[in-house]
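Hi,

Here is the structure I promised to pass on to you. Have a look at it first, and then read my notes below.

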Amino acid sequence: MKSALHKVLHPVAGRPMLLHLLASVAALEPERQVVVVGAGREQVEAAVAGTGAVIAVQDRQLGTGHAVAQAHDALAGFAGDVLILYGDVPLVSATTMRAMLDRLNRGDDPRAVVLGFRPDDAAAYGRIIADGQGMIGKMVEYKDASEAERAVTLCNSGLMAVRSTDLFVLLDQIGNDNAAGEYYLPDIIMLPGAQSAVIETEAWEVAGVNSRVELAGVEAMWQARRRIEAMREGVTLVAPETVFFAHDTVLGRDVVVEPNVVFGPGVTVADDVVIHAFSHLEGARIERGATIGPYARLRPGAEIGVRAKVGNFVEIKKARLGEGAKVNHLSYIGDAGVGAGANIGAGTITCNYDGFFKYRTEIGAGAFIGSNSALVAPVRIGDGAIVAAGSVVTQPVGDDALCLVRPAQVSKPGWAAAFRERMVAKKAVPKE
């Protein structure tokens, strides 16, 4: 990845790959979760804090079989089934994980269950040779496969399910007599004794990430599926390929999303909302019938009320707009409450930061804030109050009051013409 960030912590849809995987695992309500890590332990340990996972350290990287063996102490006394997954294969669903466990516990008691897939281009993937019942006869790396074996399209993802009572016994039997001197997890499948089984999933679900190029590919797959899901659930995406979701985006029915909209983490959108083009939303809640954009930015803590409107080039941060409130254009509203039906004129800003602390602005229901006004927090504008255009408000404004903060206008007839004449004359005088 050529990055200071651990590979498995690179994000897909705004969430680290490893946390995508652990979220799917959590749906199975596991008794234990063990994350095996080599370099970068501190980053991974901080990322999984609160997930219930424990860290096992692989001091030397001696192969996948060696990595799994490092979980031995963390699984001491555990007598259930073990899923072996990869932190850089983030899209495996809980449904597929459960299917692996179900196959492991079918009556024919396979030694292990391997997750296979059939990619469009099998390329150099290891092959799985199996019979019609899915029992594995042979697993072979591409470089060691015959031409007939390379013609097989069923490939090994590396993911598997094994009983805890068998896992470490099997790992103790594999060797490292290979060019890399490593202990390969798939070798447990070909040990003498009981057969193992394979079940299949779609190739996208086991796509791995080893580079920024592959990360972008997994992001594209995730986004494509999420767009289809959104449209099936009643969302209109005018140009689906230009809309990007976060892992936790929630959209109601009859939401319309125009082109080039980006959802960061933490956005919830109710029914009948319209999000116009080129808007960016993160950490925001939008209630029924509201309108956002175009070119709007909703930052964390933005709460947009029923039928409220956030127009073009408006930024909202940690502020609540009441029902029917309007901020139509070219404004910044931060650390504020805006009452129902209030109207915020173009160019209005809440001056919420003094370089050290943040302060709050309260704008009452039905208030009207004229264009190009600056509301210097902390300050309150009363219900039904009017702030005249161009005002800099530093004191509270009462209910239904008019606030007018402007110096007296001075007009000097003929001054501009005289000024221009002086300047022309001055310019005409040669400089020494």
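This is a predicted model: local features need pLDDT of at least 70, side-chain atom pairs count only at pLDDT 80 or more; totals for chains, interfaces and linings use all residues.

Let me start with the peptide bonds and the backbone angles. Most peptide bonds are trans, and most residues other than glycine have a negative phi.

One joins Gly293 and Pro294, with omega at about 10 degrees. Pro294 sits in the loop that runs between β19 (291-292) and β20 (297-298). The other goes from Ala377 to Pro378, and its omega is near 0 degrees. You will find Pro378 in the loop between β30 (374-376) and β31 (379-381).

The other two concern phi. Asp254 is not a glycine, yet its phi is positive, at about 60 degrees. Asp254 belongs to the loop between β12 (250-251) and β13 (256-257), and with a relative accessible area of 52% it counts as exposed, because the cut-off for that is over 50%. Lys318, also a residue other than glycine, has a positive phi near 50 degrees, but Lys318 lies in a strand, β23 (residues 315-321).

Finally, is Asn328 buried or exposed? Asn328 is part of strand β24 (residues 326-329). Its relative accessible area is 19%, so Asn328 is buried, the limit being under 20%. Beyond its neighbours within four places in sequence, Asn328 is in contact with Lys309, Gly311, Asn312, Val314 and Ile344.

Enjoy exploring!

Best wishes

Key: Residues are numbered from 1 along each chain as its sequence is written. Side-chain values use heavy atoms; hydrogens and water are left out. Helices (H or I, at least four residues) and strands (E, at least two) are DSSP runs, numbered from the N terminus. Buried means under 20% relative accessible area, exposed over 50%, partly exposed in between (1.4 Å probe, protein chains only). Contact means heavy atoms within 4.5 Å.
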